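Open your viewer and keep the selection tool at hand. We will go stop by stop.

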Amino acid sequence: MSGSRLLDELIDSLRCLPGVGAKSAQRMAFHLLERERAGGQRLAGALDAAMRDIGNCSRCRNFSEDAVCRLCANANRDEHVLCVVESPADLAAIEQATDYRGHYFVLLGRLSRLDGLGPAELGLDRLADRLAEGVVEEMIIATNATVEGQATAHYLTQLAEAADVRTTHLTQGVPVGGELEYVDRSTLAHAFGTRS
Ligand SMILES: [Zn+2]
């Protein structure tokens with residue numbers, strides 16, 4: 001309780017951020033009010049617009065405010081290669097660490113009976129349609145090296161085989177149990193460059 005209802009609400013709202021507890025939420029709120037009003041206004045505007053307008057690309061399921069995202073719409077990217085990842089964070093990690101310039105498909109999860117995620121939730125019917133278009137020649141399976149990620153990879157391999165599309169995997173350097181998002185850049189670049 002701070003004496004201001006709005007301040008209490010701000011502190012409480014900041015706690016939805018990962019790793020932010022009561023103490024850091026309070027520190028952030030005071031910082032914004034004391035020293036960073038312009039930055040706070042900008043943050044509020046960006047948050048509002050992003051939460052309202054960002055959905056998922058109809059082609060790759062990555063975050064996008066447009067029906068088709070900028071990566072899918074980019075005619076300079078190689079449409080013969082499709083990299084399948086679990087999350088937008090994995091996509092971002094690959095974009096930042098490698099010189100990959102093909103296309104992506106984002107599962108927004110991994111096969112997990114426990115979480116109620118099956119092929120339909122991961123958009124695999126849409127992925128199958130994509131492969132059936134006959135344009136993709138190589139599908140890079142870049143799911144995480146976790147048990148569920150590997151089960152998902154196995155399913156994806158069968159999907160590609162059914163469509164007669166070659167699959168490659170990031171075999172070297174990504175530690176068992178590792179999530180791509182947390183693998184360092186040079187390791188990820190190496191794993192990508194030596195995929196087989
Ligand atoms: Zn897209």
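Select C83, I94, Y100, L170 and L188. In this predicted model, these residues have the most contacts inside the largest nonpolar core, which has 20 residues. Now color four elements: strand 3 (78-85), helix 5 (88-97), strand 4 (102-106) and helix 8 (185-193). Each of them supplies at least two residues of this core. Which element gives the most? Helix 5 does, with 4 residues.

What does I94 touch? Leaving out residues up to four places away in sequence, I94 touches C83, V85, Y100, Y104, A142, L180, L188 and F192.

**The zinc ion**

Now select the zinc ion. Which residues coordinate the zinc ion? The donors are C57, C60, C69 and C72, each through its SG atom, at 2.3 Å. Follow the chain through these donors, and the spacing reads C-x2-C-x8-C-x2-C. C57 and C69 make a pair that links distant parts of the chain, 12 residues apart. C57 sits in the loop between strand 1 (55-56) and strand 2 (63-64). C69 sits in the loop between strand 2 and helix 4 (70-73).

Why is the arrangement around the zinc ion tetrahedral? The 4 donor atoms subtend angles of 103 to 116°. Four donors count as tetrahedral if all angles lie between 85 and 135 degrees, so the arrangement here is tetrahedral. For comparison, the ideal angle for four tetrahedral donors is 109.5 degrees.

Are they buried or exposed? The cut-off for buried is under 20% relative accessible area. C57 has 0%, so C57 is buried. C69 has 3%, so C69 is buried too.

**Helix 2**

Select residues 22-35. This is helix 2, with 14 residues. From its first C-alpha to its last, helix 2 reaches 20 Å, close to the 20 Å expected at 1.5 Å a residue.

Pick out A25, A29 and L32, which are buried. They cover an arc of only 65° around the axis, so they lie on the same side of helix 2. What do the buried residues of helix 2 pack against? They pack against helix 1 (5-14) and helix 3 (37-53).

**A stop on helix 3**

Select A44, which lies in helix 3. Its relative accessibility is 43%, so A44 counts as partly exposed. A44 and Q26 are 17 Å apart in space and 18 residues apart in sequence.

**The whole chain**

Zoom out and show the cartoon. How many helices and strands are there? The chain has 8 helices and 6 strands. Trace the elements from the N terminus: α-α-α-β-β-α-β-α-β-α-β-α-β-α. The C-alpha atoms fill a box of roughly 65 × 35 × 35 Å along the principal axes.

Finally, color by accessibility. The chain has 196 residues, and 38% of them count as buried. Among contacts with a separation of 6 or more, 54% join residues 24 or more positions apart.

Note on methods: Residues are numbered from 1 along each chain as its sequence is written. This is a predicted model: local features need pLDDT of at least 70, side-chain atom pairs count only at pLDDT 80 or more; totals for chains, interfaces and linings use all residues. Side-chain values use heavy atoms; hydrogens and water are left out. Donors are N, O and S atoms within 2.8 Å of the metal (3.2 Å for Na, K and Ca); water is not among the atoms, so sites may look incomplete. Four donors count as tetrahedral if all angles lie between 85 and 135 degrees; four count as square planar and six as octahedral if opposite donors are over 155 degrees apart and all others between 65 and 115; anything else is irregular. Buried means under 20% relative accessible area, exposed over 50%, partly exposed in between (1.4 Å probe, protein chains only). The expected span of a helix is 1.5 Å times one less than its number of residues. The arc is that of the directions from the helix axis to the C-beta atoms. Contact means heavy atoms within 4.5 Å. A nonpolar core is a set of buried Ala, Val, Leu, Ile, Met, Phe, Trp, Tyr and Cys residues joined through side-chain atoms within 4.5 Å.
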